[in-house]
Amino acid sequence: MISNTSQATKLKFANNKSEHIGSFLRALKLKKARYDFADRVIYEETLRQVENAEIDNLIDIQFDLDCSVMTDGDFRRSCWHLDFLEQLNGIKGYKTQKGLQYKDAVTKPYDIRVIDKISFNSDHNSLAQYRYLHEAVEGFATAKYCLPSPNMMLYPHLRNNRYYAGNLDSYIHDLGLCFRETITALYEKGCRYIQINDQFLAYLCDERYRAQELEQGIDPIALAAYCVKTLNAALENKPEDLFIALHIERGNFYSSWLYQGGYNFIIDLVLNKLKNIDRYFLEFDTERAGSFEPLAHLTSLNSEVFLGLISTKIEMMETKAEIIKRIQEASKFMPLERLGLCLQSGFASMEEGNKVSYDTQWKKIKLMNEIVQEVWG
């Protein structure tokens, strides 16, 4: 599909063929500060001081690793999406009886629910958080803001809420408008690169969950259409100098996962119908993601695909030879100039982090950069 991103903006990032996904392991000092704040042992000001210091240190590390696009590591979040979503108008966080079951792990018992009309909150803390990062890297790197997709609100327990009961079209409309206003507000704070993280699209890739939806009388094809509608509405008439990446996330908590299945189901139903997506981050680190063959059916010539071949879930280091071989395999389905290399996911989508050491975290980014230099020059 089409993109309104200017050629000048695309060229700004064209030579950037390696990219991390955003989140990094939290230091024990930061984890303790967050726990102490939750237990009312320290004031918010003290927590912010610790967060700022850790983010400043992370920026220095990213600079040393030649990262031209930088994030704050999600250091101000406990969870990659819930912390953001619960601050929108009409959404409330609450403690659940049990956490979300991943393949080999269970999260803390916490979730969100829809209690009222959904809309953007002009006091959302993401604006101040982004601005701190922007000012810290301005002049030598691009500050990337990682935004959960509006499609994260399409899970059954969220879309089947009392406020929008029987009016899913109104729900979709409000979600799209809310995120469009969010993106506008971030842009006004100086943001020129937004990465949208979408786990629900991976949910639709998984045959088991599509079968569950069918059992409840819901057509997964209709859900795919709603995904297109929400994202296109959120990105409608976006500024031409705003670069947009979409990361399809298969679940990333304590080195465990949620979904499996290739991209075949969503290529034509979703990805080929999306507008204003400049770059896709697609996981291909395990067989759970399927083959590269669906890339041949991604018709948008305006979009790049970065291959998530380096895992953030395992301590073992990949080798240059094996990653380069896989890049060459992918290039049979999509021209090499439209491909890039990225990490499979973040190192710590949740504050607990994956079972990977700090040293390995940085080694994997260094390896990624070295491979990109060898393959793309």
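This is a predicted model: local features need pLDDT of at least 70, side-chain atom pairs count only at pLDDT 80 or more; totals for chains, interfaces and linings use all residues.
Let's start with strand β6, residues 145-148, which is covered on both of its faces. Y145 and L147 point to one side, C146 and P148 to the other, and all four are buried.

If you want one spot to look at on your screens, find Y145, which stands opposite I194 in β7.

Now let's zoom out to the sheet. It is an open sheet of seven strands with parallel pairing, and the order reads β1-β11-β10-β9-β8-β7-β6. The edges are taken by β1, residues 18-19, and β6; each has a single partner strand, so one side of each is left without a neighbour in the sheet. Another pairing to look at is β8 with strand β9, residues 279-283: they too pair in the parallel sense, over four bridges. There, A245 has R279 in β9 as its bridge partner. As a reminder, strands of a sheet pair through backbone hydrogen bonds, either parallel or antiparallel.

On to the charges. How many salt bridges does a search of the whole structure find? The count is 25. Let me walk you through three of them.

The next one is K364 with E318, a salt bridge at 3.2 Å, N to O. This pair also links distant parts of the chain: K364 belongs to helix α13, E318 to the loop between β10 (304-310) and α12 (320-330), and they are 46 residues apart. Both K364 and E318 are buried. Coming back to R34 and E351 for a moment, they belong to a network of salt bridges that share partners, made up of R34, E44, R48, E51, R76, D83, K108, E351 and E352.

K103, at 48%, is partly exposed.

Staying with charge, there is a negative surface patch formed by D56, D60, D64 and D66. One of these, D56, lies in helix α3, residues 44-64. D56 counts as partly exposed, with 32% relative accessibility.

Next, the backbone. Most residues other than glycine have a negative phi, and most peptide bonds are trans. With that in mind, have a look at R40, which is not a glycine and yet has a positive phi of about 65°. R40 lies in the loop between α2 and α3, and at 78% relative accessibility it counts as exposed. Y254 is another residue other than glycine with a positive phi, near 50°. Y254 sits in the loop between β8 and α11 and is partly exposed, at 41% relative accessibility.

That loop also holds F253, between β8 (243-248) and α11 (264-269). F253 is buried, with a relative accessible area of 6%. F253 and L158 are 95 residues apart along the chain, and their C-alpha atoms are separated by 21 Å.

One last stop: G73, in the loop between β2 (69-70) and α4 (82-85). How accessible is G73? Its relative accessibility is 0%, so G73 counts as buried. In sequence, G73 and S345 are 272 residues apart; in space, C-alpha to C-alpha, they are 12 Å apart.

That's my tour, and I'm happy to go back to any of these spots with you on the screen.

Conventions
Residues are numbered from 1 along each chain as its sequence is written. Side-chain values use heavy atoms; hydrogens and water are left out. Patches are made of residues with over 30% relative accessible area and no salt bridge: like charges are joined within 9 Å, nonpolar side chains (Val, Leu, Ile, Met, Phe, Trp, Tyr) within 5 Å. Accessible areas come from the Shrake-Rupley method with a 1.4 Å probe; for residues, only the protein chains shown count as cover. A salt bridge is a side-chain nitrogen of Lys or Arg within 4 Å of a carboxyl oxygen of Asp or Glu. Lys and Arg count as positive and Asp and Glu as negative; His and the chain ends are not counted. The place of a charge is taken as NZ of Lys, CZ of Arg, CG of Asp or CD of Glu. Helices (H or I, at least four residues) and strands (E, at least two) are DSSP runs, numbered from the N terminus. Buried means under 20% relative accessible area, exposed over 50%, partly exposed in between (1.4 Å probe, protein chains only). Two strands pair if DSSP finds at least two bridges between them.
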